[in-house]
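Please read them with the sequence and the structure side by side.

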Amino acid sequence: MKASELRDLSFEELQKKLTDFKDELFSLRFQAVTGQLGNSMRIKEVKHNIARAKTILREIELEKNKVN
């Protein structure tokens with residue numbers, strides 16, 4: 001998922017998306033350990049998505065603090 005797509009989401013939607021990414025990462029790690037993971041690059045993609053979502057959430061928090 002691109003950063004521009006994540007920036008279009010609201011704060012609550014972004015938090016939900018972050019939770020979904022974390023759940024997916026857990027599932028992928030579990031599949032890797034049990035030998036059922038087909039595409040190991042997917043773990044890297046999900047980690048990058050988590051980092052993007054956290055970065056954008058932090059930017060939103062900082063913007064809110066600037067206004068106040």
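Predicted model: local features only at pLDDT ≥ 70, side-chain atom pairs only at ≥ 80, totals over all residues.

1. Leu57 counts as buried because its relative accessibility is 8%, where buried means under 20% relative accessible area, exposed means over 50% and partly exposed lies in between, with a 1.4 Å probe and protein chains only. Leu57 has its place in helix α3, helices (H or I, at least four residues) and strands (E, at least two) being DSSP runs numbered from the N terminus. Leaving out residues up to four places away in sequence, Leu57 touches Phe11, Leu14, Gln15 and Leu18, a contact being heavy atoms within 4.5 Å.

2. Residues are numbered from 1 along each chain as its sequence is written, and side-chain values use heavy atoms, with hydrogens and water left out.

3. The protein has three helices and zero strands, and from the N terminus on its elements run α-α-α. Its radius of gyration is 14 Å, well over the 11 Å that the globule rule gives for 68 residues, so the protein is more spread out than a compact globule; the radius is taken over C-alpha atoms, and the rule is 2.2 Å times the number of residues to the power 0.38. Along the principal axes, the C-alpha atoms fill a box of roughly 50 × 15 × 15 Å.

4. Buried residues make up 21% of the 68 residues. The accessible surface comes to about 5,100 Å², of which 52% belongs to carbon and sulfur atoms, the areas coming from the Shrake-Rupley method with a 1.4 Å probe, where for residues only the protein chains shown count as cover. Among contacts with a separation of 6 or more, 60% are between residues 24 or more positions apart.

5. Helix α3 has 27 residues and reaches 40 Å from its first C-alpha to its last, close to the 39 Å expected at 1.5 Å a residue, the expected span being 1.5 Å times one less than the number of residues. Its buried residues are Ile43, Val46, Asn49, Ile50, Ala53, Ile56 and Leu57, and what covers them includes α1 and α2.

6. Helix α2 can be checked in the same way: its 24 residues should span 34 Å at 1.5 Å a residue, and its end C-alpha atoms are 35 Å apart, which agrees. Phe11, Leu14, Leu18, Phe21, Leu25 and Leu28 are buried in α2, and the buried residues of this helix pack against α1 (3-7) and α3. Val33, by contrast, is also placed in α2 but counts as exposed because its relative accessibility is 74%. Just after α2, Gly35 takes a positive phi of about 80°.

7. Which residues touch the most other members of the largest nonpolar core? Of its 13 residues, these are Leu6, Leu14, Val46 and Ile50, and the elements that give two or more residues to this core are α2 (11-34) and α3 (41-67). Such a core is a set of buried Ala, Val, Leu, Ile, Met, Phe, Trp, Tyr and Cys residues joined through side-chain atoms within 4.5 Å. Leaving aside neighbours within four places in sequence, Leu6 is in contact with Met1, Leu14, Lys17, Phe21, Asn49, Arg52, Ala53 and Ile56.

8. Asn49 deserves a separate look. This residue of helix α3 is buried, with a relative accessible area of 4%, and its side chain reaches the backbone nitrogen of Met1 at 3.2 Å. Not counting residues up to four places away in sequence, Asn49 touches Met1, Leu6 and Phe21.

9. Glu59, placed in helix α3, is partly exposed, with a relative accessible area of 34%. Its side chain makes a polar contact with the side chain of Arg7 at 2.5 Å, a polar contact being a pair of N or O atoms within 3.5 Å; within protein, one must be able to donate a hydrogen and the other to accept it, and residues adjacent in sequence count only if both atoms are side-chain atoms. Glu59 and Arg7 are 52 residues apart in sequence and 9.9 Å apart in space, C-alpha to C-alpha.
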